[in-house]
Amino acid sequence: MGCAELSTYRIDEPYQKNLEKGPKGDPSYPKELPKSPTKLFEFTLNSPLGIPAGLLLDSEWVNHYAKMGFDLLTYKTVRSCEYPSHPMPNCLFVKTDPLSPQSLPSWLLAPQGWEPENCNQVTITNSFGMPSRKPKEWQEDVERCIEMLSEGQLMVVSVVGTYQGTEDSLVRDFERVVAMAKEAGAKVVEMNLSCPNTAEGEGSIYSDPDLAGRIAQRVRKAHPEIFLMVKVGYLQGNSLLELLKAVARWIDGAVGINSYQTRVRREDGTPALGSERELSGVCGWAIRPLGLHFVREARNIIEREGMPLTILGCGGITEPHHFDQYLKAGAQIALSCVGAMFNPQLAAQWKRERDG
């Protein structure tokens with residue numbers, strides 16, 4: 001069976017179809033999994049394992065992965081308005097070796113019709129543009145999610161502001177959509193500053209410390225009672241330091257990394273996702289060195305600067321022991337998206353191996 005057949009997300013079908021049909025595959029839910037109690041803010045989770053923003057399109061997806069043993073579930077990024085998905089293709093397999101922080105490529109190859117032989121080494125490029133249903137629809141669905149979770153599980157709602165012509169409008173819209181998430185019952189909200197696949201630039205905010213700080217400050221002052229996190233892309237060195245300094249006063253945690261943004265091409269050199277999407281986010285197995293590097297640097301900065309921040313780590317977790325690499329690097333919670341997409345049993349395997 002090829003890797004595409006193992007994926008719970010139908011990469012050969014549009015986003016809306018995946019939303020309507022729910023996760024693919026015949027689930028075999030594990031029972032009585034061992035627990036590894038883990039604190040996140042004021043909450044106690046059954047384990048330090050979770051899913052980042054991206055894979056959990058609605059309550060059916062959240063419920064599926066909660067039953068699979070993932071204990072921190074992040075609801076796919078939502079907006080204050082209805083917003084369409086990019087057209088297909090949205091997911092393509094990328095052929096690459098692991099990426100090195102010391103030598104990052106300017107482009108990567110997505111061969112036509114190619115799939116990796118080893119599904120533990122899946123790397124993909126994805127391009128959706130952070131689609132969102134109408135607020136009333138996703139708010140009602142968030143309420144359903146919260147009710148269906150078991151004890152020791154927690155859902156984060158990921159949100160993004162929508163650009164409406166000015167930076168001030170974007171800042172205001174972040175405040176608005178966080179208010180909507182809170183109204184739906186969210187106790188922890190992630191502000192997604194890092195989706196690389198948006199036309200208006202909402203996804204590159206993490207590279208602008210001033211704007212990121214303004215957003216974090218406004219949201220925190222408007223909603224002091226919620227736990228607030230930011231999702232960021234790959235940064236290192238002084239760039240990461242400046243971002244964390246800009247937001248640390250206003251947030252409780254940072255999640256990274258989202259993906260690695262680069263050009264993805266076919267064999268003939270043309271953009272794999274079409275001429276209007278030369279750049280896209282690359283995620284999965286190959287970006288794990290970048291994610292681990294980010295977590296280590298972020299942890300060092302937080303400790304050196306005395307910042308009261310929690311780090312959640314993600315990027316390239318495709319095998320059970322990869323969770324441990326992130327936890328040892330300094331992440332409080334380790335999150336898998338592509339790995340969980342191709343192997344929904346990933347959390348259960350970690351729990352059983354740890355207990356055994």
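This is a predicted model: local features need pLDDT of at least 70, side-chain atom pairs count only at pLDDT 80 or more; totals for chains, interfaces and linings use all residues.
**Exercise 1. Which residues of helix 3 (residues 59–67) are buried?**

Residues are numbered from 1 along each chain as its sequence is written, and side-chain values use heavy atoms, with hydrogens and water left out.

Solution. Start with the terms: helices (H or I, at least four residues) and strands (E, at least two) are DSSP runs numbered from the N terminus, and buried means under 20% relative accessible area, exposed over 50%, and partly exposed in between, with a 1.4 Å probe and protein chains only. By this rule the buried residues of helix 3 are Ser59, Trp61, Val62, His64, Tyr65 and Ala66. Next, look at what covers these residues: the cover includes helix 2, strand 3, strand 4, helix 4 (135–148), strand 8 (154–159) and helix 10. Finally, inspect the ends, where Asp58 caps the N-terminal end of helix 3 through a side-chain oxygen 3.1 Å from the backbone nitrogen of Glu60, and where Gly69, just after the helix, takes a positive phi of about 110 degrees.

**Exercise 2. Find the residues with the most contacts inside the largest nonpolar core, and list what Phe70 is in contact with.**

Solution. A nonpolar core is a set of buried Ala, Val, Leu, Ile, Met, Phe, Trp, Tyr and Cys residues joined through side-chain atoms within 4.5 Å. The largest such core has 106 residues, and Phe70, Leu73 and Met191 have the most contacts inside it. Taking Phe70 and leaving aside its neighbours within four places in sequence, the contacts (heavy atoms within 4.5 Å) are with Leu49, Gly50, Ile51, Tyr65, Gln153, Phe323, Ala340, Pro344, Leu346 and Ala347. There is also a second, separate core of 15 residues, which includes Leu72, Val188, Cys314 and Leu335.

**Exercise 3. Describe the largest cavity and its lining.**

Solution. On a 1 Å grid over the protein atoms alone, a cavity is a set of points where a 1.4 Å probe fits but cannot get out, and lining residues have an atom within 4 Å of a point. The largest cavity is lined by 35 residues, of which Ala53, Gly54, Asn126, Cys283 and Cys337 lie nearest its centre. Strand 3 (49–56), strand 4 (72–78), strand 7 (123–126), strand 13 (279–284) and helix 10 (338–342) are the elements that give two or more residues to this lining, and the largest share, four residues, comes from strand 3.

**Exercise 4. Is Asp173 buried or exposed, and which side chain does its own side chain meet in a polar contact?**

Solution. First locate Asp173, which is found in helix 5 (residues 167–183). Its relative accessible area is 0%, so Asp173 is buried. A polar contact is a pair of N or O atoms within 3.5 Å; within protein, one must be able to donate a hydrogen and the other to accept it, and residues adjacent in sequence count only if both atoms are side-chain atoms. The side chain of Asp173 makes one with the side chain of Arg176, at 2.3 Å.

Technical notes:
On a 1 Å grid over the protein atoms alone, a cavity is a set of points where a 1.4 Å probe fits but cannot get out, and a pocket is an open set with protein on both sides within 12 Å along at least five of seven lines; lining residues have an atom within 4 Å of a point.
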